[in-house]
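Colleague: I'd like to go through this one with you and ask where each label comes from. Could you put it on the screen?

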Amino acid sequence: MTNLNWRGLVLASFLLTATTGADAQTNVQDTWDLSALYPSDAAWSESAKTIESLITPVEKCKGQWGKSPKAMAACFEVYYTAQKAVARLSNYADQKVSANGEDPKSQAMKGQAGKLWASFGEASSSMNSEINAIPVKKFKSFTDDKALKPYRMVLENIVRLRDHTLSAEENQILAYSAELAGGSREVFHALTTLNLPFPTVTFKNGEKVQMTAPAFGKYRQSKDLEDREKAFQAFFGTYKNFRETYAANFNSMVSRDAFYRKANKYSSDVEAALSATNVPVNVYSRMIEQVKAYRPLLWRYLKLKQKVLGLKELKYSDLYLPLTEDAPPQYSYAQAQGIARETLKPLGQEYVDILERSIKERWIDVYPAKGKVGGAYMDGSAYDVHPYMLMNYNNDYESVSTYLHEFGHAAHSFYSNKTQPYQYADYPIFAAEVASTFNESLLHHHLMGVNKDPKFQLFILGQILENFRTTVFRQAFFADFEWKVHEISQKGNTLTADLLDKTYFELLKEYYGDAEGVVKIDPLYAVEWAYIPHFYNRFYVFQYTTSFIASNALAEKVLAEGPKARDAYISMLKAGGSLYPLDLLKQGGIDMSGTEPYKISFAAMEKALTEAEKLVAAKK
Ligand SMILES: [Zn+2]
């Protein structure tokens, strides 16, 4: 999962629950070294005091941005200098709070950094509108000017949206609406996390459990069929009781999107959402078309699961069970480092050297600790330093996979920061999750190659196939639903609970092969749309699928074709944000508007599936 803060990439996969376990014996080698940012808190405070002197020149650019190419270039210079400095200060405070949220001093530093961001934002608030106010004819003299050459894409990116940009006055009105715009998301979270009366269910062994979201996450994997079904019924039954409230809120969120679509003169909500990052709509539609075409592979996998579980019929509540009940492998952190070294070899010595540096220079905070945030993330926002990574290493397979994932982000930031000027170092989300999941794909290949134990092989194949189920098919299904309901709304319909249920239910049956006799969909699950928080982050989830497909295809290519494909891939990492998303991936070796990445990725899925089927057959 990802999370992009305003400037400076933080790529995170947070767990539902905060860390509780503390590791009393953490070795200093397994903690990060923040002294590369600032030698001490006192040095940080000293640096923070000088920021004002960097922000004042940005403030002085108000009214200067459109004056002349030379003035604009000078403004860009002070703008990025100040931004870079604030990002570094902020980075230090962020890591300190993540490592120990209970430390009031770190909290205060984070608060101070937040204020610096706000004053930087205020100082540069007129930049876009001033640039947009330059008449079209005059603009060419800016983009052609030598002084602005380093900022050409920044400029182009602003004008690219010119047809959709409003006058200063209209923009002001839109800005007033910003606070209203988040209302539906807040209602969703308040209702879901604070008010929803999840019932307590009694399981077969007499255990009584309140079926909240974390409990549901656990008990949907219960080995007992009736217990699982009970968990599903209790959980979604609660949503069903509140479906009218959720629907009214959902409808208001889609109405908000319609408001911005109309105000900014877009023809559809999906186009409005994708234009911000310049991802063509046909990438989105291609993804849905392709994933739908490959549904028979999902169905074959689900049939295999049904066989392994020995079930007469497969229900939606059975999908979360793992393919194998054998105990998953365990790995120490030292073993994980060794695995990473071997796994990443196909990317060449240069890439592996970055891994060695990350270990030697202590980029990573490894183990859970008291007050430490849960989950894992990479923060690459300290442009002149190096990326930092946070994990909660837990000696399981998931930890190894997370390590490789987050290191993929770290290497991406490292390459990009080293190669690109500051203004192009930040890369788009569309490419970010390619760099991370690429490494997960290499990990599967590596582990399959070194341990031929059938139980272990089936475990890894299960991981691969579950990734396809959850990241490809499930997310594509969400993306499809999101698009459909926005279209339904654009045609003038109110999204009522009945309409949302009906649309969701029909799609569920389509994706999970109800008519084909694969999964029996209980009508209760039609209300699942009410439970998915991602819908409040409009047209975002499709990138989980596209990134996964892209990274799988790229990994297959690098492994099959060797150095030439590898160099193309590394050049994509180095390109950072200097190209638009689709062009970045083309540079890496694949065209996400075409069908090739899907063909390669699904061929890999089919191979994994065939092997898993053989292993299961041999087990019986
Ligand atoms: Zn990630």
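Modeller: Let's start with charges: Lys and Arg count as positive and Asp and Glu as negative, while His and the chain ends are not counted. The place of a charge is NZ of Lys, CZ of Arg, CG of Asp or CD of Glu. With that, the mean positions of the 71 positive and 71 negative charges of the protein chain are 2 Å apart. Keep in mind that this is a predicted model: local features need pLDDT of at least 70, side-chain atom pairs count only at pLDDT 80 or more, and totals for chains, interfaces and linings use all residues. Residues are numbered from 1 along each chain as its sequence is written, and side-chain values use heavy atoms, with hydrogens and water left out.

Colleague: What makes the protein chain as compact as a globular protein of that length?

Modeller: First, the make-up: there are 25 helices and nine strands, where helices (H or I, at least four residues) and strands (E, at least two) are DSSP runs, numbered from the N terminus. The radius of gyration, taken over C-alpha atoms, is set against a globule rule of 2.2 Å times the number of residues to the power 0.38. For 620 residues the rule gives 25 Å and the protein chain has 25 Å, so it is as compact as a globular protein of that length.

Colleague: Why is A272 called buried?

Modeller: Buried means under 20% relative accessible area, exposed over 50%, partly exposed in between (1.4 Å probe, protein chains only). A272 has 7%, so it counts as buried. It sits in helix α13 (residues 269-275).

Colleague: And why does N251 get that label, buried?

Modeller: Its relative accessible area is 16%, so N251 is buried too. You'll find N251 in helix α12 (residues 243-263). Over the protein chain, buried residues make up 55% of the 620.

Colleague: Which residues does N251 touch, leaving out those up to four places away in sequence?

Modeller: Contact means heavy atoms within 4.5 Å, and N251 touches N493, T494 and L495. Counted likewise, A272 touches Y266 and R538.

Colleague: What makes something a nonpolar core?

Modeller: It's a set of buried Ala, Val, Leu, Ile, Met, Phe, Trp, Tyr and Cys residues joined through side-chain atoms within 4.5 Å. The largest one here has 154 residues, and M211, F250, Y403 and W529 touch the most other members. Helix α20 (residues 454-490) gives the most to this core, with 18 residues. A second, separate core has 51 residues, including W44 and C75.
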